[in-house]
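Dear colleague,

Please find below the structure I promised to hand over. My notes on it follow the display.

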Amino acid sequence: MPSHLPKLLDDAPKDLGGNDVHTLPSLSGLSKLGGNGCIYLHTIRDLPTSLKFLYAVDCPALETMPNFSEMSNMRELDVSDSHKLTEVSGLDKSLNSMAWIDMKRCSNLTTDFRKNILQVSLSLPLSLPSYRAHTCLYI
């Protein structure tokens, strides 16, 4: 592991912001990860299913995200200003657990991805717990 990365082995929240990170290493066991302003980060590979919060704001090179279909613990996802991102595969499968999704100014999101996420989010039952019924979705 590169020496300029913070220790990634314990469950404390991680902030990779401002590092010259291109691709994230394995992050098993984490519940919160922040990488705001990682201008060279282009790939986030496997994320632990224990992850609840992912903040990768203003990561202009970010193109590749892992499949979110098994991310049932995820509560907040913020990848705003990630201009090269086209989709987050499987995100529609984890919307039930989400309270906050921010993809503002992700100008390359595909039309199909946007439509799918909006359709699924609008079909969620209002009888879900309050954090689910009031999901904030910005795309």
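Two residues are taken to be in contact when they have heavy atoms within 4.5 Å. In this predicted model, residues 24 or more positions apart account for 25% of the contacts in the protein chain with a separation of 6 or more.

The overall architecture is as follows. The protein chain contains two helices and six strands, and along the sequence these elements are arranged as β-β-β-β-β-α-α-β. Of the 139 residues in the protein chain, 39% are buried. The accessible surface amounts to about 7200 Å², and carbon and sulfur atoms contribute 50% of that surface.

In soluble globular proteins, nonpolar side chains tend to be buried together.

Ser 80 lies in the loop between β4 (76–78) and β5 (100–102). Is Ser 80 buried or exposed? Its relative accessible area is 4%, so Ser 80 counts as buried, the limit being under 20%. The side chain of Ser 80 makes a polar contact of 2.8 Å with the side chain of Asp 78. Beyond its neighbours within four places in sequence, Ser 80 is in contact with Ala 56, Val 57, Asp 58, Asp 102, Met 103, Lys 104 and Cys 106.

How many disulfides does the count come to? The count comes to zero, where a disulfide would require a pair of cysteine sulfur atoms within 2.5 Å. For Cys 59, the closest cysteine sulfur is in Cys 38, and the distance of 5.0 Å is too far for a bond. For Cys 106, the closest cysteine sulfur belongs to Cys 59; at 9.8 Å, that sulfur is likewise too far for a bond. Cys 59 is buried, with a relative accessible area of 0%, and Cys 106 is buried as well, with a relative accessible area of 1%.

Yours sincerely

Definitions and conventions
Residues are numbered from 1 along each chain as its sequence is written. This is a predicted model: local features need pLDDT of at least 70, side-chain atom pairs count only at pLDDT 80 or more; totals for chains, interfaces and linings use all residues. Side-chain values use heavy atoms; hydrogens and water are left out. Helices (H or I, at least four residues) and strands (E, at least two) are DSSP runs, numbered from the N terminus. Buried means under 20% relative accessible area, exposed over 50%, partly exposed in between (1.4 Å probe, protein chains only). A polar contact is a pair of N or O atoms within 3.5 Å; within protein, one must be able to donate a hydrogen and the other to accept it, and residues adjacent in sequence count only if both atoms are side-chain atoms. Accessible areas come from the Shrake-Rupley method with a 1.4 Å probe; for residues, only the protein chains shown count as cover.
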